[in-house]
Amino acid sequence: MKAIRRFTVRPVLPEPLRPLSDLARNLRWSWHAETRDLFQSVDPERWASSDGDPVRLLGSVSPDRLAELAEDRRFLRRLTAAADDLADYVSGDRWYQSQSADLPAAIAYFSPEFGITAALPQYSGGLGILAGDHLKAASDLGVPLIGVGLLYRHGYFRQSLSRDGWQQEHYPVLDPNELPVALLKEPDGTPAQVSLALPAGRSLHARIWLAQVGRVPLLLLDSDVEENDLGERGVTDRLYGGGSEHRLLQEMLLGIGGVRAVRTYCRLTGHAAPEVFHTNEGHAGFLGLERIAELADQGLDFDAALEAVRAGTVFTTHTPVPAGIDRFDRELVARHFGPDAELPRIDVERILQLGMETYPGGEPNLFNMAVMGLRLGQRANGVSLLHGNVSREMFSGLWPGFDPDEVPITSVTNGVHAPTWVAPEVFRLGARQIGAQRTEDAFTVGGSERWDAVADIPDQDIWELRRVLREQLVMEVRERLRASWRQRGAGSAELGWIDGVLDPDVLTIGFARRVPSYKRLTLMLRDRDRLLDLLLHPERPVQIVVAGKAHPADDGGKRLIQDLVRFADDPRVRHRIVFLPDYGMAMAQKLYPGCDIWLNNPLRPLEACGTSGMKAALNGCLNLSVLDGWWDEWFQPDFGWAIPTADGSGTDPDRRDEIEAAALYDLLEQRVTPRFYERDQHGLPGRWIEMVRQTLTLLGPKVLAGRMVREYVERLYTPAAQAHRAMDADAARELADWKARVRGAWHGVSVDHVETSVAATTAELGTTLSLRVRVGLGELAPDDVEVQAVSGRVDSEDRITDAATVPLKPVNGPDLDGRWVYEGPLSLDRTGPYGYTVRILPAHRLLASGAELGLVTAPSEDVVEGAGVLLR
């Protein structure tokens with residue numbers, strides 16, 4: 001029989017055990033080993049059956065066991081120590097509190113998904129895991145962050161396989177009362193709510209659930225409330241589900257509702273109001289519109305409010321391809337804003353202009369969320385050095401006249417939260433070497449360039465650690481594989497072979513990620529005979545563990561999974577290659593430590609960062625990857641291998657896959673496997689162990705989320721907070737008026753004449769030239785512009801590379817024609833082909849970048865001809 005109503009019955013903890021509830025409700029347990037050990041000791045069997053979720057554990061422990069623990073003095077001492085440790089962690093001073101007083105009072109961090117723990121399944125892949133690691137690292141560092149997201153009642157899908165290897169999706173119903181979250185409540189005890197206006201007089205209401213991530217509150221909006229009609233109740237049903245309007249409503253609720261939720265949380269708790277708003281990808285971009293509306297209510301017009309909002313906004317892009325960006329039909333967006341819907345006081349046309357693709361090749365009828373994010377954020381970044389370059393190129397049309405390397409998008413390379421991803425055995429090895437506290441500090445705060453203490457760990461200890469982790473992975477794989485085959489319809493009598501799957505002494509390769517086509521899940525299958533030889537080599541075999549989910553609507557991705565599953569089902573190789581369904585955080589935490597090689601073979605440069613290899617590296621796993629994302633930035637032969645890329649313009653995709661797959665097989669056959677199986681007189685692979693040591697010593701400190709969050713604080717949050725403070729109402733009006741005046745008058749700006757003190761086309765290194773430039777400023781004044789000399793080496797087409805800029809100074813006032821003369825020195829500090837040009841940019845003290853307005857004037861062709869512009 002099916003129940004007509006469902007309740008969550010909570011246990012009543014005996015008074016001495018009350019701190020267990022606080023420990024369970026703060027998600028710090030998900031990365032704090034001592035707290036997890038404490039919960040495991042409550043009831044080891046129930047801990048295992050609850051998948052390591054303290055809330056589920058406490059809901060299932062018998063009253064007799066609780067009474068027994070309430071009398072157990074040893075357990076109570078451990079409980080008191082854990083509770084005191086958490087209290088100190090959430091209230092004591094940390095890295096942020098030791099910094100200068102200019103830091104933001106608070107930062108609001110918006111993301112469509114958060115991967116904190118498997119017990120709170122609100123993530124699909126790398127974007128969410130990155131957001132979760134960002135919150136955890138901010139907590140460890142004491143950064144006053146407020147996270148904002150949505151609570152999806154079905155989360156992302158659970159994956160299983162049919163008998164013939166086709167991906168099946170299942171959407172479990174998540175009851176918030178059984179999750180480690182609590183309702184945010186008003187003083188009278190009623191649930192706090194936010195509301196959005198919808199067309200035709202309807203409304204979208206949402207409650208706010210609070211997940212406590214260490215020191216950081218995470219606000220999750222949930223539309224499944226009685227006040228909503230059926231359609232609106234389903235807005236937060238699934239992560240990345242539904243059609244365009246469904247997604248638009250999710251993103252409006254995340255951005256607009258999210259700002260309202262932050263205001264509500266700060267009102268109810270006294271938390272400092274955010275000075276900086278950080279949008280993690282374009283999904284939350286509407287938050288800027290809500291903040292404009294707030295300022296409009298305070299008397300600012302749209303343009304001034306836009307400047308005030310931009311000053312304190314940081315936008316992070318994660319996609320390297322236009323197809324990865326959410327774009328909506330303009331008419332759909334227009335219908336949801338304006339007098340009959342949300343933000344009625346803002347002109348709909350102004351909203352639509354923020355998302356317009358006003359660049360060559362853009363679609364005028366589409367509203368682009370990333371474009372809006374860039375227009376609403378004064379500071380923007382990609383997530384690796386290479387991805388920063390790709391992003392500047394991809395969005396350069398928004399800044400016409402500027403070279404891509406001048407587009408105001410910087411990069412902060414992602415990092416991973418070591419306490420979440422490092423195996424306890426690795427932590428214990430570090431603690432034995434330098435002590436538990438120093439190891440914890442190294443993993444969380446970071447700050448050092450190298451972990452030199454790793455050099456003192458004996459080879460034998462490193463190799464024994466690697467074998468222990470590999471053996472744990474083998475047992476995990478067999479358990480998961482057996483469960484998968486049972487789901488596929490196999491009976492126990494058919495599955496005896498699983499006891500022989502994988503070998504704890506064989507070189508183990510891991511490959512796990514989402515399955516879009518560019519990540520090339522099946523590149524390893526390109527030459528099946530060569531792969532077969534690698535798997536079954538009599539002296540140097542390899543074994544491969546593969547996992548990953550295709551988007552439910554991506555049949556191409558599902559076919560890739562099916563191809564791999566069918567190969568792995570072959571009785572000849574099924575003991576050497578496995579596909580594990582339902583890849584998620586719990587599986588990943590076992591997979592990264594147990595692998596010897598982490599494989600990544602995307603189409604370069606389509607991997608924005610690719611943090612899975614970072615998590616593997618922190619456990620002493622070596623990377624074998626295409627030079628893309630973070631690996632392009634930090635690869636060294638000392639600690640891994642680079643798969644060559646065949647990315648010439650004339651190489652068709654099929655030929656490219658063929659070349660790169662062959663390179664992958666060559667590396668495995670000729671360099672990777674010989675090094676793993678090469679043993680010294682003590683039976684140890686000394687050269688392999690040295691690569692593990694170099695991975696930990698040199699890569700370890702770089703790949704930390706602590707390093708990443710410190711960079712955000714220093715390079716983006718603090719400047720944004722300072723700009724926010726400087727942009728009061730008067731300054732915002734001044735800047736908006738100035739921008740309107742400059743845009744209106746820019747057609748009158750010109751470079752009329754350029755001359756130099758050297759007429760020859762050769763000059764000696766160290767020579768300083770005098771530049772003299774005559775410019776027209778039209779209705780503008782010298783205070784409105786900066787005239788620059790731009791110089792550097794030139795390529796074969798006379799394009800300046802690696803450019804340096806020097807401002808020129810005006811000489812006297814305007815001449816009789818209203819023209820101004822600017823002068824300045826130009827030092828020839830590089831040999832070889834060298835060139836210069838001059839240009840005029842808008843200049844104002846409140847601009848974050850000279851490129852901000854996308855306006856630039858350079859000499860015309862006839863001016864260039866007489867200017868001696870090139871020196872060879």
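**Positive patch.** I began at the surface, where Arg73, Arg74, Arg77 and Arg78 gather in a patch of positive charge. For my own reference, patches are made of residues with over 30% relative accessible area and no salt bridge, like charges being joined within 9 Å and nonpolar side chains (Val, Leu, Ile, Met, Phe, Trp, Tyr) within 5 Å. Lys and Arg count as positive and Asp and Glu as negative, while His and the chain ends are not counted. The place of a charge is NZ of Lys, CZ of Arg, CG of Asp or CD of Glu. Accessible areas come from the Shrake-Rupley method with a 1.4 Å probe, and for residues only the protein chains shown count as cover.

I then picked out Arg73, which lies in helix α6 (residues 73-91). Helices (H or I, at least four residues) and strands (E, at least two) are DSSP runs, numbered from the N terminus. Arg73 counts as exposed because its relative accessibility is 68%; the scale is buried under 20%, exposed over 50%, partly exposed in between (1.4 Å probe, protein chains only).

**Ground rules.** I remind myself that this is a predicted model, in which local features need pLDDT of at least 70 and side-chain atom pairs count only at pLDDT 80 or more, while totals for chains, interfaces and linings use all residues. Residues are numbered from 1 along each chain as its sequence is written, and side-chain values use heavy atoms, with hydrogens and water left out.

**Cysteines.** How many disulfides does the structure hold? I found zero (a disulfide is a pair of cysteine sulfur atoms within 2.5 Å). Cys609 is in no disulfide, and the nearest cysteine sulfur, that of Cys621, is 16 Å away. Cys621 is in no disulfide either; its nearest cysteine sulfur belongs to Cys595, 5.6 Å away. Cys609 is buried at 3% relative accessibility, and Cys621 is buried at 0%.

**Salt bridges.** I counted 61 of them, a salt bridge being a side-chain nitrogen of Lys or Arg within 4 Å of a carboxyl oxygen of Asp or Glu. One joins Arg310 to Glu852, with the closest N and O atoms 2.8 Å apart. This pair links distant parts of the chain, 542 residues apart: Arg310 is in helix α11 (residues 302-311) and Glu852 in the loop between β27 (834-842) and α29 (861-865). I noted Arg310 as buried at 8% relative accessibility and Glu852 as buried at 11%.

Next I looked at Arg693 and Asp459, whose side chains meet at 2.2 Å, N to O. Arg693 is buried at 6%, whereas Asp459 is partly exposed at 28%.

For a local example I took Arg655 and Glu658, with the closest N and O atoms 3.3 Å apart. They are about one helical turn apart because three residues separate their positions in helix α25 (residues 653-677). Arg655 is partly exposed at 42%, and Glu658 is partly exposed at 40%. I also jotted down one network, in which salt bridges that share partners join Arg153, Asp222, Asp224 and Arg233.

**Ser124.** Last, I found Ser124 in the loop between β1 (107-110) and α7 (126-141). Ser124 is buried at 15% relative accessibility.
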